[in-house]
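Subject: the model and some notes on it

Hi,

Here is the structure I promised to pass on. Could you open it next to this email while you read? My notes follow below.

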Amino acid sequence: MTFDFDTPVDRAGTWSTRWERHAGRDVIPLWVADTDFRAAPAILEALSARIEHGVFGYSTPPPELRAVIAGRMERLYRWRIDPSWIVFIPGVVPGLHLAARKLVPPAGHALIPRPVYHHFKRAMELAPRAFSEIPLVLEQGRWVFDLDALQKSKGTAFFLCNPQNPGGTVFRRAELERIAELTRDLVLVSDEIHCDLVLEKGLRHVPIASLAPEISRRTVTLMSANKSFNIPAAGCGWAIIEDADLRSAFSTDVGAHVVGSLSVFGLAATLAAFSHGDEWLAAQLDYLRGNRDFLEKNIGLPMAHVEATYLAWVDCSSLEDAADLFLKKGVAVYPGAQFGEPRYVRLNFGTQRSRLQ
């Protein structure tokens, strides 16, 4: 089957966060991280079936979704999990905030990367919990942790983003083993929402919890199909937590309490994506790979090679107020200060190639 990623989709008037911010202006929005691609046909069919049914009451995650997720972890990542380890949540962002509040004690101290997706820091600020930022450094074209800084840091929890947002790094097994060794007494919280978006051929995502049983028992792995299949508005995510005490602490406010129940559309969309969406996902990865290659060749500013995600981390050290300059020229990007590094901007290349050009 062939899939069309080239034909522009008009998102004006669809309540799109990405497109509404600059509505009415001659601006190409390449900032917030969703794509301009229609969802996979299998997802559209599943959602249509739910709409045809016509009843949208409170919904319980179906056992078959747990089984599909567990099967996918073993098939793609050689990681065997028990379906009972899965805690469903509306998305990864609530998972980060829950982890900050429930797994970092009030007197505890978290370690988070810099640069990183802004909700890592925001979760600590709102909890509130003390935290330190562990810098990533550019080595041979890849953003990796400053391991000396990590070794010298003390904390009770370590928050990882793998693949890394905004740097696009796919951490190798040996790198993850070293991170696990340096954080051996800490709870690990790993945001792996971009795990299916590995662009670099020959690379494989490695969940840090899959390295060893003793690592799994202290790890909370946050995942979702939202990024890979462009369904964030449907709303479905999960945490994989082996340790029963850790799982209980994390999930205290999940369900009918602080964090609400999941949307039936998110459950249906995720089940369809993981059951019947792999061909579409492979085609999307090929298209995004082409966008990445075009961008790296033509943007005219330094940027690390994007191994995963559809997000480019662009070095704008030579420019003043780079995000404002981009916007004045008609392109909306995320300012790097949002992620802890004001010299950079993050650009979303998950769009039609004609628009990117």
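Q140 is exposed, with a relative accessible area of 85% (buried means under 20% relative accessible area, exposed over 50%, and partly exposed in between, using a 1.4 Å probe and protein chains only). You'll find Q140 in the loop between strand 4 (130–139) and strand 5 (142–145); helices (H or I, at least four residues) and strands (E, at least two) are DSSP runs numbered from the N terminus. Phi of Q140 is positive, near 50°, and the residue isn't a glycine.

Before going on, keep in mind that this is a predicted model, where local features need pLDDT of at least 70, side-chain atom pairs count only at pLDDT 80 or more, and totals for chains, interfaces and linings use all residues. Residues are numbered from 1 along each chain as its sequence is written, and side-chain values use heavy atoms, with hydrogens and water left out.

N230 also has a positive phi, near 55°, and is likewise not a glycine. It sits in the loop between strand 8 and strand 9 (237–241). Is N230 buried or exposed? At 14% relative accessibility, N230 counts as buried. I flag these because most residues other than glycine have a negative phi, and most peptide bonds are trans.

On the peptide bond side, two prolines deserve a look. The bond from R114 to P115 is cis, with omega near 0°, and P115 is in the loop between strand 3 (109–114) and helix 5. N165 and P166 are joined by a cis bond too, with omega about 25°; P166 belongs to the loop between strand 6 and helix 7 (173–182).

Next, a helix pair. Helix 3 (residues 63–77) packs against helix 10 (residues 264–276) at an angle of about 40°, and their axes are 10 Å apart. Axes here are lines fitted to C-alpha atoms, for helices over the stretch in contact, and angles run from 0 to 180 degrees between N-to-C directions. That makes the two helices oblique to each other (under 35 degrees counts as roughly parallel, over 145 as roughly antiparallel, 65 to 115 as roughly perpendicular, and the rest as oblique).

Which residues of the two helices meet? E64, L65, V68, I69 and R72 in helix 3 meet L267, T270, L271, F274 and S275 in helix 10, where contact means heavy atoms within 4.5 Å. These contact residues divide into six nonpolar, two polar and two charged (Ala, Val, Leu, Ile, Met, Phe, Trp, Tyr, Cys and Pro count as nonpolar, Asp, Glu, Lys and Arg as charged, and the others, Gly among them, as polar).

V68 in helix 3 is a handy one to click on. At 22% relative accessibility, V68 counts as partly exposed. Not counting residues up to four places away in sequence, V68 touches L271, F274 and S275. The C-alpha atoms of V68 and S275 are separated by 7.0 Å, although the two are 207 residues apart along the chain.

Then there's helix 4 (residues 92–103). Its buried residues are V92, G95, L96, H97, L98, A99, A100 and L103. What covers them includes strand 2 (86–89), helix 5 (119–126), strand 7 (187–191) and helix 9 (244–251).

Last, S190 lies in strand 7 and is buried, with a relative accessible area of 0%. Leaving aside neighbours within four places in sequence, S190 is in contact with L160, I208, V220, T221 and L222.

Cheers

Key:
Expected span 1.5 Å × (residues − 1).
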